[in-house]
Amino acid sequence: MKRIVLMTSAAALLIASGAAYAHTLLSYGTTFQDSDLCVLGSAHIQHGGAVIDSGADVTATGQIRYVGCSGEKAQDPYWIALRRQLYRWETNAWVVCNDSGWVYNTSRSARVFHQRMFQSAICGARYYGTMGSGFVFQNVGGWSGGGVWSDYHWLPA
Amino acid sequence: MKRYLTVGLVLAALIGAGAVFAVTRDEPSGSLPWVRADGTIDISKAPEEFAVAGPDGKEVVCANGRTLKVRKELLLGPPAKTPDELRAQAPASPGRDLVWRCGHGRDPHLNPVLVPRSQDPLGDDG
């Protein structure tokens with residue numbers, strides 16, 4: 001009897017802690033590729049303790065035949081653009097809660113990263129997700145890339 | 001018999017708590033049709049426009065009583081300027097929080113403007 005009660009209590013604790021404790025959602029994928037450029041993006045949302053972490057990045061890589069997207073490909077300043085947005089769910093639609101605006105590489109590099117820590121769920125207790133939109137400029141074709149969605153996660157107020 | 005009754009009661013309580021939890025949360029229904037399996041976005045399938053939250057976390061309603069909406073191209077699309085144009089007028093505070101607010105004219109809800117959070121006309125929630 002004692003064993004059953006203990007196991008049930010442990011299960012209850014696991015369920016409760018799973019709902020309230022640290023949790024990270026991360027997505028990453030290739031948002032663009034042609035014969036010599038790949039644009040890789042990622043977006044994450046993490047909740048742990050009193051801090052909420054929303055972040056995104058974009059990386060330019062080369063495109064190698066038979067290998068695929070490989071090797072960072074540095075870009076001139078302002079040729080990589082990234083935007084991180086925090087969305088929250090409201091009844092039947094996603095609502096923009098926080099927007100980083102555009103962040104660019106200000107020196108020659110292959111990657112731009114942006115992260116924001118919040119002390120609380122700034123738009124109330126809701127489901128939240130991070131959208132990372134990353135683009136790389138090409139002389140022919142202009143801005144190339146796209147968005148990555150972290151998936152969503154409940155954040156208490 | 002007492003043992004089964006106790007386990008049954010505990011399980012019923014857990015299921016009940018889970019049901020209350022599920023009902024009180026306004027949860028998105030499954031995966032989004034505009035998000036591919038790897039998490040990348042298909043902008044052509046995204047909603048045409050999104051509402052935005054004000055400092056209180058609620059949707060922003062403009063002076064004409066209509067909810068502010070921002071077109072998806074402004075949120076999910078690429079920058080409007082080329083690198084040369086950006087270099088010529090580098091943004092003052094890149095990466096600082098920005099907020100969408102109602103614009104001017106007859107349809108302020110369809111004419112959103114992006115302003116630094118520090119200059120938010122509706123106030124600052126940090």
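Visitor: Which residue takes a positive phi in the hairpin of S5(A) and S6(A)?

Guide: In this predicted model, that residue is Thr91(A), with a phi near 60 degrees. The hairpin has two residues between its strands.

Visitor: What makes S5(A) and S6(A) a pair of strands?

Guide: Two strands pair if at least two bridges are found between them. S5(A) and S6(A) are joined by nine, and they run antiparallel, so they count as a pair. As an example, Leu82(A) has Val103(A) in S6(A) as its bridge partner.

Visitor: How do you know that S6(A) also pairs with a strand of chain B?

Guide: Two bridges join S6(A) to strand S1 (residues 49-52) of chain B. The pairing rule asks for at least two, so these strands pair as well. Here the strands run parallel, and Val95(A) stands opposite Ala51(B).

Visitor: What does S6(A) give to the side of chain A that touches chain B?

Guide: S6(A) gives the most, with twelve residues. Overall, 49 residues of chain A are in contact with 42 residues of chain B. By class, the side belonging to chain A has 29 nonpolar, 15 polar and five charged residues.

Visitor: Why is S6(A) called mostly covered?

Guide: A residue is buried if 20 or more other C-beta atoms lie within 10 Å of its own. Ten of the twelve residues in S6(A) are buried, so the strand is described as mostly covered.

Visitor: Which residues touch the most other members of the largest nonpolar core?

Guide: They are Ile80(A), Val95(A), Val96(A) and Val52(B), in a core of 55 residues. In soluble globular proteins, nonpolar side chains tend to be buried together.

Visitor: How do you know that Ile80(A) is in contact with Val58(A)?

Guide: Contact calls for C-beta atoms within 7 Å. Val58(A) is listed among the contacts of Ile80(A), so their C-beta atoms lie within that limit. Leaving aside neighbours within four places in sequence, the contacts of Ile80(A) also include Ala60(A), Tyr104(A) and Val136(A).

Technical notes:
Residues are numbered from 1 along each chain as its sequence is written. Chains are lettered from A and ligands numbered from 1 in the order in which they are written. This is a predicted model: local features need pLDDT of at least 70, side-chain atom pairs count only at pLDDT 80 or more; totals for chains, interfaces and linings use all residues. Two residues are in contact if their C-beta atoms, placed from the backbone, lie within 7 Å. Helices (H or I, at least four residues) and strands (E, at least two) are DSSP runs, numbered from the N terminus. Ala, Val, Leu, Ile, Met, Phe, Trp, Tyr, Cys and Pro count as nonpolar, Asp, Glu, Lys and Arg as charged, and the others, Gly among them, as polar. A nonpolar core is a set of buried Ala, Val, Leu, Ile, Met, Phe, Trp, Tyr and Cys residues joined through C-beta atoms within 7 Å.
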